[in-house]
Amino acid sequence: MQRLKNIALFQKKIFFTAIIFSIVLAIATGNLNMTGIYYFFISPLMHYFIYEIRDSNEYYYYFNIGFDKIQLWGSTLLVAVLIFLLVALL
Amino acid sequence: MKRLQVDSIRKSYHQKLLLSDIYLSCEQGEVIGLLGRNGSGKSTLLRIIFGEEKAENKFVKVQDRIIKNVRDSRHLINYLPQKNFVPGALTIKTLISLFISEEKRKTFREETFIEPYLQQKFRHLSGGEKRMIEIMLLLYSEADFILLDEPFEGISPITKELIIANLEKVKPSKGYIITDHDYENVMKVADRILLLQNGTLKEIKSRKDLERFGYVTGL
């Protein structure tokens, strides 16, 4: 449970910025159904910007809990797929 | 008693040999002080042991488990980097529930110096307070071995004493490798001192040895 909460903490930063960008982009292009696709592409970019560039030292927090970068990137891709599917089903 | 074994570490940067066949071992209840000049490779060595940094050759083992990456070091080795690593938006109370195991949480929260900070966000603390909280988190973590990279950097003397006192308190259950330029405090807390120079480790017995190897002047 603690590990899941920590993954949620990691994803929270990516989610809020990526979803805002995706919705804004969808509104700008006039097609809200594209939100999921935009999120799928924007969230990895946000992951890269937030954790690889801006707050790169925060990786050590997750390393100390036992996550490695592959798992953290995997969680970003997993959430992206889930959001994509969720929007597609709506 | 658990043992951290580090052997045959070899690392080069831009064709310059930084670490050459490094060997060291650390047992639970032991504190190793790692000294060395700027750029001598101390942080690199700690990151290699932790499993984060790759090396041309390395062998790191805790008991029967070989550490190849950070996933392997889970519950075995934790690392304090030079810069703050805790997400700033968290309150200390939340941080404790996310980082510390359930069994140790109550004891940790009741520590007199932690209590006043519980409701505060990590990002609102001063540099010294942040460092102290991070060190305490690692001291109370599940890991058997803790690698502390410059724990005394930017810390007031009284906070240093507090950190050393807490380190002594949990010392029997963990092994530590500490590197810091505050060599006097490192020497005070460490059972063994090693000096990293020209890619190799040298055993230091006294301040005289540090002078002999040119780490400090004889003044």
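Two strands count as paired if DSSP finds at least two bridges between them. In this predicted model, strand β1 (residues 3-13) of chain B is joined to β2(B) by eight bridges, and the two run antiparallel. Within that pairing, V6(B) sits opposite L24(B) of β2(B). Helix α1 (residues 42-50) of chain B packs on the sheet, where it touches β1, β2 and β4 (57-62) of chain B. The direction of α1(B) makes about 125° with that of β1(B).

As for the sheet itself, chain B has four strands in the order β2-β1-β4-β5, paired antiparallel and forming an open sheet. The edges are taken by β2 (16-27) and β5 (65-66) of chain B; each has a single partner strand, so one side of each goes without a neighbour in the sheet.

Turning to the next helix of chain B, α2 (residues 92-99) has I92(B), L95(B), I96(B), L98(B) and F99(B) as its buried residues. What do the buried residues of α2(B) pack against? On the chain A side, the partners are α1 (2-29) and α3 (59-65). Chain B itself supplies β6 (77-80), α3 (102-109) and α4 (127-139).

Over on chain A, I37(A), F40(A), F41(A), V81(A), F84(A) and L85(A) make a nonpolar surface patch of about 490 Å². Helices α2 (35-54) and α4 (69-89) of chain A are the elements that give two or more residues to this patch. L85(A), one of the patch residues, lies in α4 of chain A. With a relative accessible area of 44%, L85(A) is partly exposed, and the cut-off for a patch residue is over 30%.

Definitions and conventions. Residues numbered from 1 in each chain as written. Chains lettered and ligands numbered in written order. Predicted model: local features only at pLDDT ≥ 70, side-chain atom pairs only at ≥ 80, totals over all residues. Heavy atoms only, no water. Buried < 20%, exposed > 50% of the residue type's maximum accessible area, 1.4 Å probe, protein only. Contact = heavy atoms within 4.5 Å. Axes fitted to C-alpha atoms, helices over the stretch in contact; angles between N-to-C directions. Patch = residues over 30% accessible without salt bridge, like charges linked within 9 Å, V, L, I, M, F, W, Y side chains within 5 Å. Areas by Shrake-Rupley, 256 points an atom, 1.4 Å probe, with all protein chains shown as cover. Salt bridge = Lys/Arg side-chain N within 4 Å of Asp/Glu carboxyl O.
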